[in-house]
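Here are my notes on the ligand site, for when you have the model open. Have a look at it first, then read on.

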Amino acid sequence: MNHSHQKVPKEIGLDHSLELLKEGYYFIMNRSEKFDSRVVQTRLLGEKTYCLIGQEAAELFYDTDKFFRKEAAPVVAQKTLLGMGGVQGLDGDEHRHRKAMFMSLMTKESLKEIQSIVKEEWTRYLEAHEKEVKVFEAAKLVLARTALRWTGVPSHEHDADDWASKLSPLFEMASKVGPKHLKSRWSRVQLESRLEKLVKQVRNRSLDVERHRAFYHVVWHRDENGELLDPHIVAVEILNLLRPIVAIAVYLDFIFLAINDYPKEAELAKQGYDERHRFIQEVRRYYPFFPFAIARVKKDFMWKGYTFKKNTMTLLDLYGTNHDPELWDEPHQFMPKRFEKWEGNPFDFIPQGGGEFDIGHRCAGEWLTVDIMQVTLDYFLNHVNYELPKQKPDYRMNDIPPIPGMKIYIKH
Ligand code: HEM
Ligand code: MYR
């Protein structure tokens with residue numbers, strides 16, 4: 001290998017944001033193949049950007065000596081998906097402290113509880129609805145109800161629709177342009193202001209909320225200096241729980257697509273927890289969802305002979321790493337069985353980010369996501385009488401995130 005100073009292979013041109021919209025989840029893979037390199041330089045949203053792909057690149061990306069997160073994500077993502085001032089944009093001690101708050105919510109008991117809530121909500125939903133169920137629409141509502149109950153955010157039974165309709169644009173429309181993008185921003189403005197009011201009411205004791213739940217916990221959380229969080233930050237962090245729980249609807253839709261397209265694998269998944277777990281892992285590996293994680297170079301450094309320049313925006317390709325032929329046999333085949341042998345490396349299978357939960361920025365909700373997928377799959381495969389009508393579901397690799405739009409018929 002050549003370890004002399006080299007420039008990162010660079011795609012010429014003023015800006016490639018339009019190609020990102022066109023190529024979607026293939027954007028980084030395409031460039032990596034073209035330049036035969038695990039790191040390439042391009043320009044996105046008017047900024048010089050490095051794109052990384054693969055296990056070694058993921059190890060590099062999660063090295064906190066080399067990359068930071070403060071204001072790393074583009075403003076368009078902060079105003080929609082992420083919010084401003086939340087855990088995703090923190091570094092060092094401040095990040096560790098805030099992340100510990102999130103991880104403390106993910107106890108065995110609380111994960112057990114959310115599984116029983118989601119099962120109850122599915123049952124309630126199916127009892128109240130007619131034969132045809134659109135999985136994504138149903139799941140968003142079921143998950144919004146689940147998220148509100150589990151976090152203890154005060155809401156009424158009949159508000160769930162409204163919460164769902166404002167939470168989903170945060171992830172469904174963040175990457176869109178035009179009116180949809182504005183809808184995503186406006187939803188965030190409305191939700192943050194609604195939550196801020198609730199935070200203030202809890203703090204001045206005019207509103208009582210359940211003490212063992214996430215909302216209470218975050219409202220009274222003290223930062224590393226012993227200070228309460230600003231009410232706006234509380235709102236952002238509560239949305240960092242509510243939004244992604246509703247976003248699991250995308251994975252549930254993909255579960256039914258996989259059942260439809262791979263009936264033999266689905267039959268196997270009926271057998272037990274482990275079979276279902278492998279099915280779910282493969283759903284998270286195979287289908288595209290969160291395209292890439294975003295950070296910035298902390299200080300100039302060298303990697304494999306390439307010079308990385310301070311402050312440069314850097315994307316780690318999550319989809320591409322999950323389909324890297326160096327890591328996965330026949331990466332474009334749906335094969336749950338492959339997870340029999342997977343050794344649990346934190347950098348090769350990274351649908352929800354890589355590295356460590358506590359020190360790094362790996363998704364705080366990964367266990368919760370897998371648990372909700374597990375109970376839902378078990379519930380539908382083993383406890384609900386339904387059929388998949390003939391349908392030609394499809395999704396596009398440049399729709400971020402893609403939504404296959406599965407339908408099922410319930411036999412009551
Ligand atoms: C971070 C994906 C569900 C809470 C992340 C990251 C990804 C991700 C890619 C960023 C990793 C990085 O920056 O390096 C997903 C996907 C989900 C999901 C695909 C499926 C729906 C959840 C759930 C929760 C959650 C259910 C909470 C209940 C978080 C939080 C962070 C995060 C708090 C920030 C962690 C940090 O910056 O330290 N997620 N996530 N996510 N996720 Fe998730
Ligand atoms: C979450 O809500 O945190 C979990 C899943 C969200 C996936 C959303 C994918 C859309 C990313 C849009 C980024 C916009 C960057 C310009």
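1. How far from an oxygen atom of ligand 1 does a polar side-chain atom of K99 lie? The gap is 2.9 Å. That falls within the cut-off for a polar contact, a pair of N or O atoms within 3.5 Å.

2. Before going further, some housekeeping. This is a predicted model, where local features need pLDDT of at least 70 and side-chain atom pairs count only at pLDDT 80 or more, while totals for chains, interfaces and linings use all residues. Residues are numbered from 1 along each chain as its sequence is written, chains are lettered from A and ligands numbered from 1 in the order in which they are written, and side-chain values use heavy atoms, with hydrogens and water left out.

3. Y62 has one 2.5 Å from an oxygen atom of the ligand, and a polar side-chain atom of Q352 sits 3.4 Å from a ligand nitrogen. Helix 5 (92-103), helix 11 (231-261) and helix 15 (366-382) each give two or more residues to the shell; helices here are DSSP runs (H or I, at least four residues), numbered from the N terminus.

4. In total, 29 residues surround ligand 1, and Y62, R69, H95, H361 and C363 are the closest; a residue counts if one of its heavy atoms lies within 4 Å. Helix 11 gives the most, with seven.

5. Now C363: UniProt lists it under "binding site", in an unreviewed entry. You'll find C363 in the loop between helix 14 (318-322) and helix 15. Beyond its neighbours within four places in sequence, C363 is in contact (heavy atoms within 4.5 Å) with Q352 and F357.

Key: A polar contact is a pair of N or O atoms within 3.5 Å; within protein, one must be able to donate a hydrogen and the other to accept it, and residues adjacent in sequence count only if both atoms are side-chain atoms. UniProt positions are given in the numbering used here, feature names are shortened, and annotations may be inferred rather than shown by experiment.
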